[in-house]
Amino acid sequence: MTPQARAQAAIDILDEVVAAARDAGAAADVIVQRYFRTRRYAGSKDRRAVRELVYAAIRRSGERPDSGRAALVGLAEEQPELAALFDGSMHGPPPIAANEASAGASEVPLWLAPQLSGFGLLDRAPLDLRVNRLKAKRADITIADAAPTPHAPDGLRLPEGVQVEKLPEWETGLIEVQDEGSQLVTLACAAEPGMKVVDFCAGAGGKTLGLAAQMADRGVITACDADRARLSRLAPRAERAGVTIVETRLLDGGRESEALGDLIGAADLVVVDAPCSGTGTWRRNPEARWRLTPDRLARVVALQARLLDVAAELVKPGGVLVHIVCSLLDEEGVGQAEAFLARHPGWAAEPIALPAGRPHGPGLRLTPSDDGTDGFFVARLKAPC
Ligand SMILES: C[S@@+](CC[C@H](N)C(=O)[O-])C[C@H]1O[C@@H](n2cnc3c(N)ncnc32)[C@H](O)[C@@H]1O
């Protein structure tokens with residue numbers, strides 16, 4: 001492909017990414033892969049160059065651009081060598097017109113700038129592993145160039161680009177990919193051997209497996225989710241990790257309590273790693289900034305409040321409900337925890353001791369800028385005895 005054709009390919013892909021962000025379609029990575037699957041003439045250098053252009057344009061614009069071309073024209077305003085490719089040559093983009101619309105540059109969407117600026121949401125996210133305590137100690141793992149994570153006791157940090165799933169340590173369940181922040185909020189749950197734990201929004205089990213390791217695989221974890229496909233990925237992961245205490249339960253979204261009758265008032269610990277805006281993970285998914293709207297945020301905040309209320313029913317007297325979001329928005333974190341406490345007299349927030357993060361209202365917050373982790377809010381809410 002000529003450099004001009006690569007620029008046009010980036011525009012075509014960005015058009016799809018913009019449309020998918022507007023209509024809740026596929027993730028940018030999926031769109032890029034799909035694009036090249038049907039264009040075998042593109043070699044590996046072409047793919048890399050196009051991908052870099054696509055992601056540079058995505059990272060540059062906090063606001064969703066009007067089109068792929070507007071996104072790339074915006075990038076071209078900062079890169080004269082890219083602007084020079086808009087020369088009208090065959091397979092390349094037509095010249096940039098005087099006063100042509102271009103995407104503006106910003107870290108986050110304007111409507112969220114007051115809350116989200118300055119958290120390092122465009123920094124490079126590291127590749128972190130959690131060593132599975134059930135099978136190994138961190139000091140036993142000798143993966144080339146891996147370094148201990150600064151805060152999480154079982155974490156290892158790898159250089160970018162390592163294909164973890166090809167490592168023998170992954171195949172034998174000694175390690176799992178998990179951001180250091182995710183490891184730390186799992187530690188904040190303080191699960192102990194023998195406990196009865198409900199992981200209410202377990203997904204594919206990232207935190208479930210961390211909880212099982214804390215519990216030395218003793219006790220029971222009921223891992224729930226309303227997404228069958230995600231939940232079905234948990235069992236093979238648990239098997240690889242040597243975890244035997246997890247039972248999965250598929251919930252009916254909107255009627256979650258129907259499948260949980262036997263657990264009412266029975267759990268020592270209920271973890272709600274709630275569906276959220278994901279603003280704390282924007283380093284990893286920069287195009288997610290184009291997906292969030294005030295409406296979507298309001299809907300997810302209402303869902304979180306409802307799930308916390310349903311989950312609270314499962315906590316035994318004196319037990320603990322842990323609210324986690326990978327978001328830096330107060331509506332989802334501190335506001336959600338405070339609203340829960342206001343709705344549930346007798347419940348109280350417990351202090352959280354972690355080697356990173358700062359107290360934030362009734363909970364604790366981790367940020368990319370201060371902690372080098374994804375952004376998280378976590379609160380421990382103790383039921384009355
Ligand atoms: C932040 S993710 C959980 C990630 C997971 N705990 C982990 O550590 O990998 C939120 C999860 O909530 C689930 N969810 C959404 N609505 C739900 C509902 N009504 N009941 C239970 N889970 C729900 C989603 O399917 C998603 O897996």
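Let's start at Cys326, whose contacts, leaving aside neighbours within four places in sequence, are Cys276, Gly278, Gly280, Thr281, Asp374, Gly375 and Phe376. This is a predicted model, and the UniProt record, an unreviewed entry, lists Cys326 under "active site". In the fold, Cys326 sits in the loop between β9 (315-325) and α13 (334-343). Is Cys326 buried or exposed? Cys326 counts as buried, because 27 C-beta neighbours fall inside 10 Å, and the threshold for that label is 20 or more.

UniProt places the feature "binding site" (unreviewed entry) at Asp225, Asp252 and Asp273. Take Asp225, which belongs to strand β6 (residues 220-225). Asp225 is buried because 26 other C-beta atoms lie within 10 Å. Beyond its neighbours within four places in sequence, Asp225 is in contact with Cys201, Ala202, Gly203, Arg230, Leu231, Leu250 and Leu251.

Asp273, for its part, is found in strand β8 (residues 267-273). It is buried because Asp273 has 25 C-beta neighbours inside 10 Å. With neighbours within four places in sequence left aside, the contacts of Asp273 are Cys201, Lys207 and Ile324. Look for Cys201 on your screen: Cys201 is in contact with Asp225, and Cys201 is in contact with Asp273.

Now turn to the ligand. Which of the 18 residues around the ligand come nearest? They are Cys201, Gly203, Gly206, Ala226 and Asp227.

The protein is divided into domain 1 (3-106), domain 2 (127-177) and domain 3 (182-382). Between domain 1 and domain 2, the C-alpha centres are 35 Å apart.

Two helices are worth a visit. Helix α1 (residues 3-22) has 20 residues and spans 29 Å from its first C-alpha to its last, close to the 28 Å expected at 1.5 Å a residue. Buried residues of α1 include Ala7, Ile11, Leu14 and Val18. The cover over the buried residues of α1 includes α2 (28-37), α3 (44-60), α4 (68-76) and α5 (80-83). After α1 comes Ala24, with a positive phi near 55°.

Helix α8 (residues 180-188) is mostly covered, with nine of its nine residues buried. Among them are Glu180, Gln183, Leu184 and Leu187. Following α8 is Ala190, and its phi is positive, near 50°.

For a last stop, find Pro148 in strand β2 (residues 147-148). How many other C-beta atoms lie within 10 Å of Pro148? There are 15, so Pro148 is partly exposed. Not counting residues up to four places away in sequence, Pro148 touches Arg138, Gly155 and Leu156. Pro148 and Arg34 are 114 residues apart along the chain, and 36 Å separates their C-alpha atoms.

Conventions: Residues are numbered from 1 along each chain as its sequence is written. This is a predicted model: local features need pLDDT of at least 70, side-chain atom pairs count only at pLDDT 80 or more; totals for chains, interfaces and linings use all residues. UniProt positions are given in the numbering used here, feature names are shortened, and annotations may be inferred rather than shown by experiment. Helices (H or I, at least four residues) and strands (E, at least two) are DSSP runs, numbered from the N terminus. A residue is buried if 20 or more other C-beta atoms lie within 10 Å of its own, exposed if 12 or fewer, and partly exposed in between; C-beta atoms are placed from the backbone. Two residues are in contact if their C-beta atoms, placed from the backbone, lie within 7 Å. A residue is near a molecule or strand if its C-beta atom, placed from the backbone, lies within 6 Å of it. The expected span of a helix is 1.5 Å times one less than its number of residues. Domain bounds come from an automatic or database domain assignment.
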